[in-house]
Amino acid sequence: MARATKKKGGKKSDKKRSELTEEKVEVMYDDEDLNEDDENITSEEEEEEDERKHHKLLEAISSLGAKRKKTLGERSEAAVQMSEFTVTAEGERDRVDLSDLIGSMEKTPGVTSRTKKQLKNLQKDNKTIESPLSRQETDRIQRDVAFQKAATEVTKWKGVIKQNQRAEQLIFPLNREPSGPKPIERVVTSWKAHTPLEEEIFSLLHANKQPIHDPILTPAEEASMKAMSLEEAKIRRAELQKARALQSYYEAKARRARKIKSKAYHKVHNKAKRKEFLKQFDEMVKTDPAGALEELNKIEMARMQERMSLKHQNSGKWAKSKVIMGKYDLVARKAMQQQLEVNKDLTQKIVTSLNAEEEEEEEEGGDAEVLPDFVNDAEQAVDPSNPWMRGKLSEDPTEKDMIVDLTAEEAPRAAEEEEEEEEEVKEPEEEVLLREFDERRKQRQAQEAEAQITVEEEDDDEEEEEEDKAADEEEAELSAFTSLFREKAEAAADVTDTSAQLEEGLTRIRTLEDVELLSVPQEEAAADEAPLPPPPAENPPPEPQKREAAKPKKRKRAIELKEVLTKEPKVIQVPLAPTVEDAEDADEQLDQRGLIKEAFAGDDVVADFLKDKRKQEDAGKPKVVDLTLPGWGEWGGTGLKPSRSKRRRFRTKAVPPPPRKDQRLPSVIISENKNSAVRLHQVNSLPFPFQNHSQFESTIRSPLGRTWNTERTVKKNIKPKVVTQMGAIIEPMAREELLKDKRPAAGRGGRGGQGGRGGRGVDSQRRHIRDKRAEK
Amino acid sequence: MASPGEATVKDSHVGKKKKPPARYWPEQQKEGKDDNKVGKNEEHAEQAVEQEEQKTQKTTKRKQEGGERDGKKFISGKMDPFPGPARIPEDRINKFKRKDKTKKPRGSHYKLKDMISRSEKASEMAQKQAARFDLLLPEDAGFLEGDEDEDTCTISQEDIADAVDITAGSKYFNLKLSQFGPYRVDYSKTGRHLVLGGRRGHVACIDWQSKQLMCEINVMESVNDVKWLHSEAMYAVAQKKWLYIYDSNGIELHCIRKFNDVLRMQFLPYHFLLATASATGFLQYLDVSVGKEVTAICTKTGRLDVMCQNPHNAIIHLGHHNGTVTLWSPNQKEALVKMLCHQGGVRSVTVDKTGTYMVTSGMDKKLKVYDIRTFKPLKSYFLPAGASCLSLSQRGLLSAATGDIVQVYRDVWSSPVTKPYMAHRVPRTVWGLHFCPFEDVLGVGHGDGFTSMLVPGAGEPNFDGLDANPFRSAKQRQEWEVKALLEKIQPELISLNPTELGQVDRASFAQRHQDRVQALGFDPLAKEKFIPKYKTKGRSSAGGVERRKKQVAYEDQRDVIKKTVETKMKMEKERKQKEQKATVFSSQRSALDRFKK
């Protein structure tokens, strides 16, 4: 029985056994056992020898069983009283209960009350001590704890290690005294007393808090100096008092004002405020534009809110009631009116000088006009005898482009696709043309009005009809037209040194727009008026002028370089005139004919260059791939073209290339070819810690070599990462090092520390949990 | 720099009376006195306060003036009146600026931060040090200044030579060599030696400062151009047919037949390249360190008789008869840049030392100044006679030859010029112009010999002894030669932007791959074509082979389709996310926008 119970108990040992009943049962069993034992003993007493033998026999028999019974500690002599030890010894697998012990305690008189109490508490507290953990577990826990300890020990070094890793240069052995002469101050201040006399003196000085190194003021003196004088303190206190009083007064006033419920008051008040504010704002505009702008933004915001809300829109409950009342009540109508006025007031845009300026600027802002420098060259003033140059010079770049267009695009014009694309490009140009044409028409009309010829019905479309009309009308119109040209021509310059031959040469320069726009009147002019100088010769001069008139502001906005160019080239006066050499070199001989020849060359030069540029641009453009196959899905054969829709479907447009570098430079062609030779030497992928190109590029921008730097800089630049001293033993770092480094590290504080603390927090938690487990 | 004596004087001046005596031990009796007289003690304290105030004022003043650190107190109690390192003027620091400051990115890797801050520090130090050492370049360039209402251009060379010291005066001289026609001129890089090449075959080398003739030969052929190579030991002569190289003793070292009909030459000193422009329209580069032709470029623009180099980036500028100036590097077969500069032909081109400005003159008698970085014209001048030769000095003086008159201009690019700075008439037409480096001298080769002109303010007064030392000995020259050869820049690195090497190659992978394919002649990454194995016993029938091929192709296609579908899905997803974001963003904004007018 007992064994069984014991087993039970053993099984439950790992659990928490708190059931009292079971224990009681156990106790009961124990008692039974005891009784049995008692019986045995009594029998022993009665039948001595035989019984013993019998017992021995029994024992032998019982010992034949599975388990050997341990022999009882038996007394040889007879004893009346049974020792308690026998009992325990008997039940080797029984346990001694506390109650048993306490029971005996009650009887014993020598036990103190305190112990009794303790024991009683123990009895009440029926927790049992758990059995010890297995060896593996304890080992593991111990290992854990040991690791924790070691880890904390090691993490102390973390800062030092990191610092050393990140250091620009490490010099081993680490704690070496810096060589070289020390500054005199340090030598003096680090001086120590050696002789007893010196020591005595210094101890005295220390005791009296006298400055040892820097004999200006004693600490006591400094402290006294820091203290404030009485008067000063008084003044300060009075000031503070006053300020406090004022503050409280204003606060009270504000509180009072806030509580006023009178609408009239508030109305007046607000109005006054608003006025005041506007006045201030106007001043501010003059004095502090930035601040004013901010204020303006605020006002704008308020305005926006006002516009957003329904506050003064006469749409509320009150307003509706007033609307009903308004028919009969004048006051109500007035109130509504007022409400609307308020709204108007609030939503009105405030016009200030700031605003006005901005608008003006916006108006002014425009794209810069691109003009080649030839346009602005002042060849005219210098050399009036050369008409070719002038004709060319006064041309616009667009005109030149057009010329090239005319010549170069004859061939591709056959291809429809390109034409289509071209159309898109030309659109703005056409707009420009239209505008110009409009202007011209206006001018012409004005002139006609001056001439008092009433041909108001006439239009450009009706010009054909006009041919049929009377000759005088034609004459009049033409005269108006030509007079305009004349005017412009005269204004430009007196360039009329023309011969018929030269004019013929110049017709080519005629601009496309002029050809298009003025073809009809020109033809008429050519047909009707032979003596009139042909307009193309004089056409170019008015062109640029009109442009200028149309866009004077744009000119202003152009790049300064251009502005510089618009000036005439400076004619330089040389004090010494060059002597003309005779046949030394033909280059120097430049007579009028030569000049003209040169001019001719220049004429070609520009056109050639522009053609060249156009060619390069075209070469750079991606080609449109046409994959249309004739005959698929429709009829094929000679003379049949695939349908438009089909061609559109199979035509793949390439992505337009990035803008050329010389896009804005009319007289420059920059090759778009990449230099692949340099590429082989360049870094082609961003090295590790860098996030973008500019970072990396900026770090390698400054040169390192001796050629570009002073010696000290070079030395610093090429400092080795690790320096060791020849023959010196590099010892591992000692603990003192750590302590030494700790102080500055703590001083640095900041982010690193926090991060560390976070980690440590988790660590400590874990450690705490482990400790608890270990306790168990 | 502050001298210590000055410092002490100042200090004593400020606090003469109030200075408490230095004490090393307690002054008992004085304290006792102070105890007795409280009033006096107060006074003392006040005085001390005053003194302190004065001191702080002074120190703050100093700080404002530029000291970074506080004045360190010495043991004697005195303060350093000029604390911290000596101040460097801002403009001088800016002069040595190499790069702008980079911002340290937030929340990035510590290594990156370290690197950036370190490089920042290093560059700052370099800049400051250089600015500090600028003090060691004491020489300053000065210009000729005339009296009131006297033009400097009217001052004759003789007057100048008389006015200056004897050594400088001896630098004005004429060599009358009327026999062998107009002369081309070239000074060596150090400015010490001069080579003259007469049109009719006369070639002479002179140590022109000591007027010592090194060699004199007649090549018995017409000479088009002469040029010193990297040192004064060798020079190249472009003769009627071929290019020859002679040493300083006049011994012919090489006859380079690959270079024929050379008209003009330029030597790129850091690349050891001799660039030649020929009458046949070829621009050729000769590497003189290894003696090999680097490239020959057919410019297709006819006779090339106008040439100059950009010293900043070693780009060759050629002038053409059609008024264009083209820029060339040995790495590209076509012109890097083609600029239309003149309406007539270009007669002469020159580029300044910093590579910023280009000056051209043309048959249209104009002189134009361009900003060569942006290729935009800056100034245009009209010279009544036109300039046949141009040359820019190290300090930016422009010399232009019109016929037999040599004019020198100042500041042609910054301010409009109406008058030359100097003018000088030489006996006959000018044929060659060259400013002497590190000297205020302009060498003029003309039909009647050679004239060495004095042009105050032309040369760089401070030479770099490691780069070009006019006073170097033979030993130094040898050492320099070895070093220069070691530091030779490869011709591949010549490009319009010399800092391009320091940039990361941003070409895409595809582009790079294309280049590689072009270089290798095949595609190393190309997937090899599937060739079905030949099977015996009639199993390799044509149909079977086709089937196998088809199978493989089918598999490949599947892979491709899978990939594309995946990428499409991904893109779609991203797009959706973006849209979502955009809608959220736009909805946030739109509330008030409605009411904006």
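Which residue forms a salt bridge with B:Lys97? In this predicted model, the partner is B:Asp100, with the closest N and O atoms 3.3 Å apart. A salt bridge here is a side-chain nitrogen of Lys or Arg within 4 Å of a carboxyl oxygen of Asp or Glu. B:Lys97 is partly exposed at 43% relative accessibility, while B:Asp100 is exposed at 53%. For these labels, buried means under 20% relative accessible area, exposed over 50%, and partly exposed in between, using a 1.4 Å probe and protein chains only.

Over all chains, the structure holds 38 salt bridges. Another of them joins A:Asp618 to A:Lys621, where the closest N and O atoms sit 3.7 Å apart. Both ends count as partly exposed, A:Asp618 at 36% and A:Lys621 at 46%.

Then there is a pair that crosses between chains. A:Arg679 forms a salt bridge with B:Asp505, the closest N and O atoms being 3.5 Å apart. On the chain A side, A:Arg679 lies in helix H33 (residues 676-679), and B:Asp505 lies in the chain B loop between helix H8 (474-486) and helix H9 (509-520). Helices are DSSP runs (H or I, at least four residues), as are strands (E, at least two), numbered from the N terminus. Both partners are buried: A:Arg679 has a relative accessible area of 10%, and B:Asp505 comes in at 6%. Through shared partners, salt bridges link A:Arg679, B:Asp505, B:Arg512 and B:Asp515 into one network.

As for chain B overall, ten helices and 28 strands are assigned. Of its 597 residues, 44% count as buried. The chain exposes about 32,900 Å², with carbon and sulfur atoms supplying 52% of that area; accessible areas come from the Shrake-Rupley method with a 1.4 Å probe, and for residues only the protein chains shown count as cover. Among chain B contacts (heavy atoms within 4.5 Å) between residues at least 6 apart in sequence, 46% join residues at least 24 apart.

Chain A has a mean pLDDT of 66, and 49% of its residues reach 70 or more; pLDDT is the predictor's confidence in each residue, from 0 to 100. Over residues 580-590 of chain A the pLDDT is below 50, and this stretch has 13 contacts beyond near neighbours in sequence. Where pLDDT is low, the predicted coordinates should not be read in detail.

Residues are numbered from 1 along each chain as its sequence is written, and chains are lettered from A and ligands numbered from 1 in the order in which they are written. Local features need pLDDT of at least 70 and side-chain atom pairs count only at pLDDT 80 or more, whereas totals for chains, interfaces and linings use all residues; side-chain values use heavy atoms, leaving out hydrogens and water.
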